[in-house]
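Trainee: I would like to learn how to read aromatic pairs and helix faces from coordinates. Could we work through one example?

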Amino acid sequence: MSRTRRFTLYSRSWCHLCEDMLAALRNLMAREGLPFSLDVVDIDASPDPSLLERFDELVPVLFGDDLNAPELCHYFLDEAALRAHLGLTQAA
């Protein structure tokens, strides 16, 4: 049984790039048949002002399951980086 992969997506409401990245992530994970959970953090609604300072111009920003993991991508889903993070081979 595959372990559930965890992701954190830093985003903001009414952000079409955020919606696009979320849809692309869901599509890739469904294609690969991998279970995942996702924490979506709205940087504008967060009580932590450092998130707005850190991610303001970069949203959406996707991180993997390790709190200390490097950023996987921002603006658009980087499928190659995500596949490498998940240990998957490149799509043919």
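**Reading rings and a helix face**

Mentor: Note that this is a predicted model. Start with Phe63, which is buried at a relative accessible area of 9%.

Trainee: How many aromatic pairs does a search of the whole structure find?

Mentor: The search gives four aromatic pairs. In one of them, the ring centres of Tyr10 and Phe63 are 5.8 Å apart and the planes meet at 90°, so this pair is edge-to-face. The cut-off behind that label is a plane angle over 60 degrees.

Trainee: Where in the chain do Tyr10 and Phe63 lie?

Mentor: Tyr10 belongs to strand β1 (residues 5-11) and Phe63 to strand β3 (residues 61-63). They are 53 residues apart, so the pair links distant parts of the chain. Tyr10 has a relative accessible area of 17%; the limit for buried is under 20%, so Tyr10 counts as buried.

Trainee: What is the geometry of the rings of Phe55 and Phe63?

Mentor: Their centres are 5.9 Å apart with planes at 70°, so Phe55 and Phe63 also make an edge-to-face pair. Both Phe55 and Phe63 are buried. Together, Tyr10, Phe55 and Phe63 make up one aromatic cluster.

Trainee: Which residues does Thr8 touch, leaving aside those up to four places away in sequence?

Mentor: Thr8 sits in strand β1 and is buried, with a relative accessible area of 16%. Its contacts beyond four places in sequence are Leu38, Asp39, Val41, Val61, Leu62, Phe63 and Gly64. Phe63 is thus a contact of Thr8 as well as a ring partner of Tyr10.

Trainee: Now the helix. How far does α1 reach from its first C-alpha to its last?

Mentor: Helix α1 (residues 16-32) has 17 residues and spans 24 Å between those atoms, close to the 24 Å expected at 1.5 Å a residue.

Trainee: Which residues of α1 are buried, and why are they said to line one face?

Mentor: The buried set is Leu17, Cys18, Met21, Leu22, Leu25, Leu28 and Met29. Viewed down the axis of α1, they fall within an arc of 140°, so they line one face of the helix. Among the elements covering them are β1, β2 (36-42), β3, β4 (71-74) and α3 (79-86).

Trainee: Which exposed residues does the face turned away from the buried side of α1 carry?

Mentor: That face carries His16, Glu19, Ala30 and Arg31. Just after α1 comes Gly33, with a positive phi of about 70°.

Technical notes: Residues numbered from 1 in each chain as written. Predicted model: local features only at pLDDT ≥ 70, side-chain atom pairs only at ≥ 80, totals over all residues. Heavy atoms only, no water. Phe/Tyr/Trp six-rings, centres within 6.5 Å; stacked < 30°, edge-to-face > 60°. Helix = DSSP H or I, 4+ residues; strand = E, 2+ residues; numbered from the N terminus. Buried < 20%, exposed > 50% of the residue type's maximum accessible area, 1.4 Å probe, protein only. Expected span 1.5 Å × (residues − 1). Arc of directions from axis to C-beta. Contact = heavy atoms within 4.5 Å.
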